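Here's a quick tour of one chain and the contact it makes with its partner. Have the viewer open as you read.

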Amino acid sequence: MKKLVFLSAVLTMFTTMAVSAQVSGKLVSSKTQIKFFSSTPAEDIQAVNLTSVSTINRETGEVVFSVPMQGFEFEKALMQKHFNGEDFLNTQTYPKAKLTGKITNLDKIDFTKDGTYTATLEGEMTIKETTKAVKENGTVTVKGDLVEVQSKFNLTLADFGITFVKGKPSTNIAKAVEVSVLSQYLAE
Amino acid sequence: MKRKKILRIAATLVIAGLLIGGGVGLYMFNMPQRDVQAAKADYTLTGSQIVEEYLAGREAANSKYLSNDGDSKILIVTGVVNKISDDFSGQKVVLLKSDGDKAGVSATFTPETSSKAADLQIGTTVSIKGVIRSGATYDNDLGLYENVVLEKCDIVTL
């Protein structure tokens, strides 16, 4: 009898744990792609990063992206060296960039129903220890268990203290770069 | 006559200098990416070891493993295959993680090596060589432990 009580107690505990895990509402993505594109008359520069981790909380609307900066891959080795170097992003000292924010129109997104929704995100972006407020739009696509997010926005380099006054970078790197984000989430 | 000769030598030197300088410049500009697999590994260790090292002291680990030009240390990491997935470029991503470890090592293969990663079995122990992009850490905002990230990976036999 005692055994039975214990067993049912354990069982109840596990069920509660399973249920609470289900309603935690956190989506996690390690399948991400962040691209940036810089265009000047001198040259076009593009880099791709596939190493970021992101979460979305379906209950609170909180969105987080953590971006390992050395994961940006360029076509040319020299560009990549410049990008990582102390004058540009100093990735040894500041290895990660971060975006934290909140979806402001969460009531318009039904994570339980397949469809495509437009989300507005307000928050902060930190690059090289400089934090700036951001407000961007993105598309949220729900398809069964899978949630996909896409967004495109411009980033002004000077906002994050990345400036060039002379030499090749000043003519070959655009003042504002276009960033495109694609990420695929599953429930935690 | 003598002056002409000097001038000719000077002109030849200038042209040679320009050609060499231009050549070096062109080479620098078009320098290919480092071939990670052809390069010698800097450290050979287990997945659990590097995760522990990062969790014990992130900054010390970053200055040990990350280089300031982005050509960071090349590691051979041995661990248990926990998960195999694809990234958006169609490359295979192998997660090495032992039971009980807070974080693992995420290893992204290349278009050339991905077929080898696809043949791996979950639960087997394997050694993977690649370049480190970032270390393991607990991120408060994510509420998760982030894995060590390696890219340009291939399977190696020790």
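This is a predicted model: local features need pLDDT of at least 70, side-chain atom pairs count only at pLDDT 80 or more; totals for chains, interfaces and linings use all residues.

Residues are numbered from 1 along each chain as its sequence is written, while chains are lettered from A and ligands numbered from 1 in the order in which they are written.

Let's start with the fold. Chain B has four helices and eight strands, where helices (H or I, at least four residues) and strands (E, at least two) are DSSP runs numbered from the N terminus. In sequence order the pattern reads α-β-α-α-β-β-β-α-β-β-β-β. With a radius of gyration of 23 Å, well over the 15 Å that the globule rule gives for 158 residues, chain B is more spread out than a compact globule. (That radius is taken over C-alpha atoms, and the rule is 2.2 Å times the number of residues to the power 0.38.) The C-alpha trace spans about 85 × 35 × 30 Å along its principal axes.

Buried residues make up 34% of the 158 in chain B; buried means 20 or more other C-beta atoms within 10 Å of a residue's own, with C-beta atoms placed from the backbone. Take contacts as C-beta atoms, again placed from the backbone, within 7 Å. Among those between residues at least 6 apart in sequence, 64% join residues at least 24 apart.

Now zoom in on B:Ala117, which lies in helix H4 (residues 114-118) of chain B. B:Ala117 counts as buried because it has 24 C-beta neighbours inside 10 Å. Leaving out residues up to four places away in sequence, B:Ala117 touches B:Ile84, B:Lys92, B:Val94 and B:Phe109. B:Leu18 is another story: 99 residues apart along the chain, the C-alpha atoms of B:Ala117 and B:Leu18 are separated by 47 Å.

Finally, the partner. The contact takes 30 residues from chain B and 28 residues from chain A. These elements of chain B each supply at least two residues of the side that touches chain A:

| Element of chain B | Residue range |
|---|---|
| Helix H1 | residues 2-30 |
| Helix H3 | residues 58-65 |
| Strand S5 | residues 125-134 |
| Strand S7 | residues 144-146 |
| Strand S8 | residues 148-156 |

The largest share of that side, three residues, comes from H1(B).

Terms used. Two residues are in contact if their C-beta atoms, placed from the backbone, lie within 7 Å. A residue is buried if 20 or more other C-beta atoms lie within 10 Å of its own, exposed if 12 or fewer, and partly exposed in between; C-beta atoms are placed from the backbone.
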